[in-house]
Structure formats: C-alpha cells, structure tokens
Amino acid sequence: MVKFHDLNIARVKDAVAQKHTLRIACRLGYEVVAVTTVLKNGNELTAAPPPIELQLTKEEQQNFQQLSRITVVLSDKTNNSYLGNDKIKSYDILAVQPTTEKSFQVACSELNVDLITFDFSTWLGFHLKHQYVQTALRLGKYFEFTYGPAIRDTTCRRYVFQNTTDFVQRKEGQNTIISSGAEWPTDLRAPYDVANLAILFGMKEGQAKSSLTSTPRALLLKAATRRLTVKSSITIGHVTSIPEKDKWKIEGSKPPSTDAGKRQNTDDHDEPKKKKSKKLKSN
C-alpha cells in the first residue's frame, strides 16, 4: 500500500501545538512524518539538541510513523567534520541547506548527507549549476522543495514558484521530494493537492505522486544505510548481538563440530574418486 510522506514539519517549542500539527497531518492522509530541527549556525553541530519525542496514542502509532530530521544551514565557514558525530546520527534524516555556491558544491560532492534543501522563499543568491546537481544525483543524494512558505506569505509565493520551477526543469524532477515545511496546521495541504501543485511546478504526473511516496521512501532507506553502516557496506553492531553459531569467527576457535563433520563426510566421499583416478592412470 502506498504511504504518503511529509518529511519536513517544523519543530516548535510548544509540545501541544506540535502534536496538533502532527494529528492534522495524519487526518489529511500522511502516514510518515518527520519533525525537523534546524541548526542555523552550522558550527553549533556539537550542541545539537536531541530529537523531539512526542507521546502518541497506540491507535495513532499504528497508522502513523513519526521520524526525526535535522537540517544544518551551511556556509563557507561551516566545520563539516562534525556532521558525523553521535548527536547528528541520532536523527533519522540528515539534511543540509547551502547558502552559497561553494557550500552547494561541497554538499553535492563531498558531504555524506541524505538530503539537500533550499530556502526558495527568497532570492537564492547563487546558481544551481547543472554539474553539481548531476554529481549529487550520481552519488544517490536527494533534493527537496517546500510549499509551506507559498501558503504563508504572498510575497514568498512568487519566489517559491519561480525558484522551484527553474529547479525542476534543471533536474527533470529526479530524486526530488516535496514537503510542507509547516510551522502550523494551516500550512498543510492534502497529498493529492500537493501532487497537483507539483505538476504546476513542472513535474510529470507520475513524478509528482512519487515525490510524496516512493521517492521519500527510498530516501529513508538511504538514510538508514548511512546511519547503520560504514561506507554503505559494513554494518556496525555490538559483539553481544552476534549469534552463538557465528561467535567462533571472532573468538578464533574452531568452527562448530557439525560443520567439521560435514567436511569429514565430504572428504570420505571424495576419497574413492581419488583412488579410482589413480588406477586409471596406472592402466
């Protein structure tokens, strides 16, 4: 069954208001939602707050999945080495928002992040060069644009439509998700309304729907790979989680006797063949 995603609902201080926004998102048809913590100063990565945890009812938990996301605003002076610390890894999704052409290039080609987002509600200040976008796509990174600012402010609406339309045309809607960036319940729209809005931005009908369903799902799988593996190939786990039958691999002991028995039986079956081959050679 297709699940609709909204991976960018703004984190607010009022827990009651936060729950209300999430419940409205659930009623509109979203089943997977991420609450976003924004770090406006990229050099404060070591002081990142823990992900927000809201107590939802059992019924809500059955039909609704709440995730955590952190968005780091990048500048040319941001110390990117802290993007891999434990506080950042505690979030389900790691996104960056470049503010300069240099930080955009670094985000596309060098940083191990899941998502690249922009503030399209104002003049961006730099060009989204095709070669940088293609590098990010080749590395499996995702892009995002939000529609919430266009609903909140009529001045921002013009910038959102202009910037988003230009961006979609440049990359043809590949690896793109659409999120609300909602600060209040009034910023939210139903999934099919958002898909229609994406078509106005230049997306094809299939891409518009995928930007709310399969594409964010693929993004979450990539994010899990980043958090739980090293270079997307080696899984990290505690030694106590290794099954008893596999502990001999790290303890330096002999393999289980059952395997040894199998080897011995195999050798016994092979022995007559060796003798037979010797007889043939002697003849």
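I take contact to mean heavy atoms within 4.5 Å. The model I am reading is predicted.

**Entry 1: α4 against α5**

I looked up which residues meet between these two helices. From α4, Glu101, Phe104, Gln105, Cys108 and Ser109 meet Tyr132, Val133, Thr135 and Ala136 in α5. Next I checked the geometry. The axes of α4 and α5 lie 8 Å apart, and the packing angle is about 25°. Angles under 35 degrees count as roughly parallel, so α4 is roughly parallel to α5. I also noted the handedness: α4 passes α5 in a left-handed crossing.

**Entry 2: the buried residues of α4**

Which residues of α4 are buried? In this helix, residues 101-109, I found Ser103, Phe104, Val106, Ala107 and Cys108 buried. Phe104 and Cys108 are buried, and both are also among the α4 residues that meet α5. I then asked what the buried residues of α4 pack against. I listed the strands β3 (65-74), β4 (93-98), β5 (115-117) and β6 (142-146), together with helix α5 (130-138).

**Entry 3: the sheet**

I traced the strand order. Seven strands make an open sheet, ordered β1-β2-β3-β4-β5-β6-β7, with parallel pairing. β1 and β7 stand at the edges; each has a single partner strand, so one side of each has no neighbour in the sheet. From one strand to the next, the twist averages 30°.

β2 and β3 run parallel and are joined by eight bridges. Within this pairing I located Ala34, which stands opposite Leu67 in β3.

Then I looked at what packs on the sheet. Helix α10 (residues 214-228) does, and it touches β1, β2, β3, β4, β5, β6 and β7. The direction of α10 makes about 65° with that of β1.

**Entry 4: the two sides of α8**

I went through helix α8, residues 191-200, for burial. Pro191, Val194, Ala195 and Ala198 are buried. These four cover an arc of only 105° around the axis, which puts them on the same side of α8. Tyr192 and Leu200 are exposed, on the other side of α8.

What covers the buried residues of α8? The cover includes the strands β1 (4-10), β2 (30-39) and β7 (176-179). It also includes the helices α1 (15-28) and α9 (205-210).

Last, I checked what comes after the helix. Gly202 follows α8, and its phi is positive, near 115°.

Technical notes:
Residues numbered from 1 in each chain as written. Predicted model: local features only at pLDDT ≥ 70, side-chain atom pairs only at ≥ 80, totals over all residues. Heavy atoms only, no water. Buried < 20%, exposed > 50% of the residue type's maximum accessible area, 1.4 Å probe, protein only. Arc of directions from axis to C-beta. Pairing = 2+ DSSP bridges. Axes fitted to C-alpha atoms, helices over the stretch in contact; angles between N-to-C directions. Parallel < 35°, antiparallel > 145°, perpendicular 65-115°, else oblique. Left-handed = near helix turned anticlockwise from the far one by under 90°.
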